[in-house]
Amino acid sequence: MGCFGFLKTMMFIFNGIIFLAGAAILGVGIWVKVDSGSVLGLLQKIPEAPGQLGQVLNVGYLLIAVGAVLLILGFLGCFGAVRESRCMLLLFFIIILIVFIAEVAGAIVLLVFKPVAETLINQLGDEAVKGIRKDYGKNADLTGLWNTTMTGLKCCGFNNYTDFTNSYFVNDTKVYPNQCCSGFSCNANAAMNSTIPGCFPALKKLVDDNAVVIIAVALGIAALELAAMIVSMILYCKIGSKA
């Protein structure tokens, strides 16, 4: 097997895996949305499952979008290599290039406009606190979203427990959410003495603690994208020279 045949085989295997993964993700996303009744029933049968677990159904839209993109990419790369279609290979290269440029541009924007991003996050935090004080305990969707977030990140409020002070929930129940305290009864004194952080500081700490892993994954994805573009362009040129 020559270099050209090896590249074709690797392109077929690599994109075949992407195609199958995309098909699986797309299938799960469609199932979650179409058969939402049975999925919700399955979730509710989980022992001690929170009622807000049904919001997982909204992930179906994301799964459908990601699955569709992977399916298209896998198809173009896989069949473009097998059928030696320059059009498919060029389209595959363009899509990967667009994704790569978008990722690089996003990274640059985050680095250059970091102070602006921090200002926007602070403004978002102010709105989040307003939403907590007004609708937590009253609006089921918002309450479920915050409960899921606080339970998952082991945090309390956006900044800390004071986000719930004078809120509808605290004024109505005279206690803070259980996630804000280590014990079962979460009154004002217990919340004040609790060491549980706010969700934004907790998320920031999680990102900082895993910065090396995140950077390594990002670099790995970028390397795979570059390799895919190089291989697809080599095949494109080789097929063109054979014509």
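Helix 6 passes helix 9 in a left-handed crossing. Helices are DSSP runs of H or I with at least four residues, numbered from the N terminus. The structure is a predicted model, in which local features need pLDDT of at least 70 and side-chain atom pairs count only at pLDDT 80 or more, while totals for chains, interfaces and linings use all residues. Residues are numbered from 1 along each chain as its sequence is written, and side-chain values use heavy atoms, with hydrogens and water left out.

Helix 6 spans residues 140-153, and its axis lies 10 Å from that of helix 9, at an angle of about 45°. Helix 6 is therefore oblique to helix 9. Oblique covers the angles left over once those under 35 degrees are called roughly parallel, those over 145 roughly antiparallel and those from 65 to 115 roughly perpendicular. The axes are lines fitted to C-alpha atoms over the stretch in contact, and angles run from 0 to 180 degrees between N-to-C directions. On the helix 6 side, Trp146, Thr149, Met150 and Leu153 make the contact (heavy atoms within 4.5 Å). Helix 9 contributes Cys199, Ala202, Leu203 and Leu206. By class, the contact of helix 6 with helix 9 has 7 nonpolar residues, 1 polar residue and no charged residues. In this scheme Ala, Val, Leu, Ile, Met, Phe, Trp, Tyr, Cys and Pro are nonpolar, Asp, Glu, Lys and Arg are charged, and the others, Gly among them, are polar.

A salt bridge requires a side-chain nitrogen of Lys or Arg within 4 Å of a carboxyl oxygen of Asp or Glu. The whole structure holds 4 of them. Lys204 pairs with Asp208, with the closest N and O atoms 3.5 Å apart. Both residues lie in helix 9 (residues 199-209), 4 residues apart, or about one turn of the helix. Lys204 is partly exposed, at 47% relative accessible area. Asp208 is also partly exposed, at 47%. The class runs between buried, under 20% relative accessible area, and exposed, over 50% (1.4 Å probe, protein chains only). Another salt bridge joins Asp209 and Lys205, at 2.8 Å from N to O. These two are about one helical turn apart because they are 4 residues apart in helix 9. Both Asp209 and Lys205 are exposed.

Glu84 and Lys8 form a salt bridge as well, with the closest N and O atoms 3.0 Å apart. This pair links distant parts of the chain, 76 residues apart: Glu84 sits in the loop between helix 3 (59-82) and helix 4 (86-112), and Lys8 in helix 1 (residues 3-34). Glu84 is partly exposed, at 26% relative accessibility. Lys8 is partly exposed too, at 21%.

Ser232 lies in helix 10 (residues 211-242). Ser232 is buried, with a relative accessible area of 1%. Neighbours within four places in sequence aside, Ser232 contacts Met11, Leu89, Phe92 and Phe93.

The loop between helix 6 and helix 7 (168-173) includes Lys154. Lys154 has a positive phi of about 55° although it is not a glycine. Lys154 is exposed, at 64% relative accessibility. Asn166 is found in the loop between helix 6 and helix 7. Phi of Asn166 is near 60°, again a positive value in a residue other than glycine. Asn166 is exposed, with a relative accessible area of 62%.

Key. Left-handed = near helix turned anticlockwise from the far one by under 90°.
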